[in-house]
Amino acid sequence: MRRVCVFCGAAPGRDPRHAELARALGSAIAARGLGLVYGGGKVGLMGVVADAALEGGAEVIGVIPDALMERELGHGGCTELRVVPSMHVRKQEMSDLSDGFVVLPGGIGTLEEAVEIQSWAQLGIHGKGLVFLDEDGYWDPYFALIDGMAQGGFLRAEYVGLAMRARSPEKALEALAEWRPPELTRWMVRTEA
């Protein structure tokens, strides 16, 4: 594993522990000699994780849509800041540059990015690990939803584990390093009539 993609809020959130967690993750990525790929912003948890990784000497690649650059939200201190035409291109580029994904607390955009990566894993588009990192149970409702999908027959048991959880940056990075995708990569299985 060379680079870790981090999805997180463009806002700092109300709980200061979330910024502390973002800072700790950026530092842990740098301490392991890994690079950071993220959404390219200088604000919120995005800015915190990038600044911490940069302070630790990590390569930091930001990928930001030009519409957000026009609002002056891009992080000028990144090792490399790639400006792309759309959110769709941004997500594909972030995925292509990364060997695994960590999800910090965030809002709809963070959730949407993580769910798409999880869906791509289920479809066999990639075999990279995805870890939701929270120390305080922030992502508990999401994992309750995943369990409900499985219980309702909409998510195969083999795919429940595509979204892993960790309570510390070190555990998240260990989970990514040890990740092996499931053998089954297709949701739809044709049955005999």
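This is a predicted model: local features need pLDDT of at least 70, side-chain atom pairs count only at pLDDT 80 or more; totals for chains, interfaces and linings use all residues.

Me: How many aromatic pairs does a search of the whole structure find?
Reply: Let us begin with the idea behind the count. A pair of aromatic rings is described by the distance of the centres and the angle of the planes. With the whole structure searched, the number of aromatic pairs is seven.

Me: Phe132 and Phe143 have ring planes 85° apart, so are they stacked or edge-to-face?
Reply: The centres of Phe132 and Phe143 are 5.3 Å apart, with 85° between the planes. Planes over 60 degrees apart have their own label. Because 85° is over 60, the Phe132 and Phe143 pair is edge-to-face.

Me: How far apart in sequence are the parts that this pair ties together?
Reply: Phe132 belongs to strand β6, residues 129-133, while Phe143 sits in helix α6. The pair therefore joins a strand to a helix, and the separation of these parts in sequence is eleven residues.

Me: Is Phe132 buried or exposed?
Reply: A residue counts as buried when its relative accessible area is under 20%. For Phe132 the relative accessibility is 0%, so Phe132 is buried.

Me: Which residues form one aromatic cluster?
Reply: Phe143 also makes an edge-to-face pair with Tyr142, 5.6 Å centre to centre. Tyr142 is buried at 9% relative accessible area, and Phe143 is buried at 11%. The aromatic cluster is made of Phe132, Tyr138, Trp139, Tyr142 and Phe143.

Me: How many residues apart are Arg3 and Glu59, which form a salt bridge?
Reply: The closest N and O atoms of Arg3 and Glu59 are 2.9 Å apart. Arg3 is buried at 15% relative accessible area, whereas Glu59 is partly exposed at 31%.

Me: Which residue does Glu174 meet in a salt bridge?
Reply: Glu174 lies in helix α8, and its partner lies in the loop between α1 and β2, so the pair ties together parts 142 residues apart in sequence. The N to O distance is 3.9 Å, and the partner is Arg32.

Me: How many salt bridges does the count come to?
Reply: Another example is Arg82 with Glu80, whose closest N and O atoms are 2.7 Å apart. There is also a network of salt bridges that links Asp134, Asp140, Arg165 and Arg167. The count of salt bridges comes to 13.

Me: Which residues are closest to the centre of the largest pocket?
Reply: The largest pocket holds about 250 Å³ of space, and 19 residues line it. At least two lining residues come from each of β1, α4 and α5. The residues closest to the centre of the largest pocket are Cys8, Ala10, Met46, Leu68 and Arg90.

How values were computed
Residues are numbered from 1 along each chain as its sequence is written. Side-chain values use heavy atoms; hydrogens and water are left out. Rings of Phe, Tyr and Trp (its six-membered ring) pair if their centres lie within 6.5 Å; planes under 30 degrees apart count as stacked, over 60 as edge-to-face and the rest as tilted. Helices (H or I, at least four residues) and strands (E, at least two) are DSSP runs, numbered from the N terminus. Buried means under 20% relative accessible area, exposed over 50%, partly exposed in between (1.4 Å probe, protein chains only). On a 1 Å grid over the protein atoms alone, a cavity is a set of points where a 1.4 Å probe fits but cannot get out, and a pocket is an open set with protein on both sides within 12 Å along at least five of seven lines; lining residues have an atom within 4 Å of a point. Grid points are joined across faces, edges and corners, and a volume is the space filled by probe spheres set on the points. A salt bridge is a side-chain nitrogen of Lys or Arg within 4 Å of a carboxyl oxygen of Asp or Glu.
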